[in-house]
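Trainee: Please take one part of this model and go through it closely. I would like a connected account, residue by residue where that helps.

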Amino acid sequence: DFDCFNVENPVIADEENRRMQFLKRKIKFPSGSLIVDCGSGKGWLAGEYPARGSNVVSVALSGKNLRHIQKDFEPRKKDFYVVADLYNLPFRMNMPQ
């Protein structure tokens, strides 16, 4: 299992923090949105958007990363954590054809 939370290089950590701050300013989801965070990494969507009224489904290959996200950000009943390969998601997406 790759552990996104075990990055010891401060340069990498600083660069990631700057990128996440930029994305938080640019990405605006309407309140009540359902966000599927594919490749959820450190779970910045799970940490940021529930406070803004959105629900987050965190999807990752690593159960270890999802456990960190659940521990670091208080999970709510409407948030979900799914260990899955993005090519074989265990749920159906209703997409227009």
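Mentor: Start with cysteine 38, which is partly exposed, with a relative accessible area of 40%. Keep in mind that the model is predicted. The label follows from the cut-offs: buried means under 20% and exposed means over 50%, so a residue in between is partly exposed.

Cysteine 38 sits in strand E1, residues 34-38. Leaving aside residues up to four places away in sequence, cysteine 38 touches Val59 and Leu86. Serine 58 is 20 residues from cysteine 38 in sequence, yet the two C-alpha atoms are 6.5 Å apart in space.

Now the pairing. E1 and E2 run parallel, joined over five bridges. Within that pair, leucine 34 stands opposite asparagine 55 of E2. E2 also pairs with strand E3, residues 80-83, again in the parallel sense, over four bridges. There, valine 57 faces phenylalanine 80 of E3.

E2 itself spans residues 55-60, and six of its six residues are buried, so the strand is largely enclosed by the rest of the structure. Both faces are covered. Asn55, Val57 and Val59 are buried on one side, and Val56, Ser58 and Ala60 are buried on the other.

Next, serine 40. Serine 40 lies in the loop between E1 and helix H2, 44-48. Its relative accessible area is 3%, so serine 40 counts as buried. The residues that serine 40 touches, not counting those up to four places away in sequence, are Ser58, Val59, Ala60, Leu66 and Ile69.

Leu66 and Ile69 lead on to helix H3, residues 63-72, where they are buried along with Gly63 and Asn65. Viewed down the axis of H3, the buried residues fall within an arc of 160°, so they line one face of the helix. An α-helix has 3.6 residues a turn, so residues three or four places apart point the same way. On the other side of H3, Arg67 and Lys71 are exposed.

What do the buried residues of H3 pack against? They pack against H2, E2 and E3.

A side-chain oxygen of serine 62 comes to within 3.2 Å of the backbone nitrogen of lysine 64.

Definitions and conventions. Residues are numbered from 1 along each chain as its sequence is written. This is a predicted model: local features need pLDDT of at least 70, side-chain atom pairs count only at pLDDT 80 or more; totals for chains, interfaces and linings use all residues. Side-chain values use heavy atoms; hydrogens and water are left out. Helices (H or I, at least four residues) and strands (E, at least two) are DSSP runs, numbered from the N terminus. Buried means under 20% relative accessible area, exposed over 50%, partly exposed in between (1.4 Å probe, protein chains only). Contact means heavy atoms within 4.5 Å. Two strands pair if DSSP finds at least two bridges between them. The arc is that of the directions from the helix axis to the C-beta atoms. A polar contact is a pair of N or O atoms within 3.5 Å; within protein, one must be able to donate a hydrogen and the other to accept it, and residues adjacent in sequence count only if both atoms are side-chain atoms.
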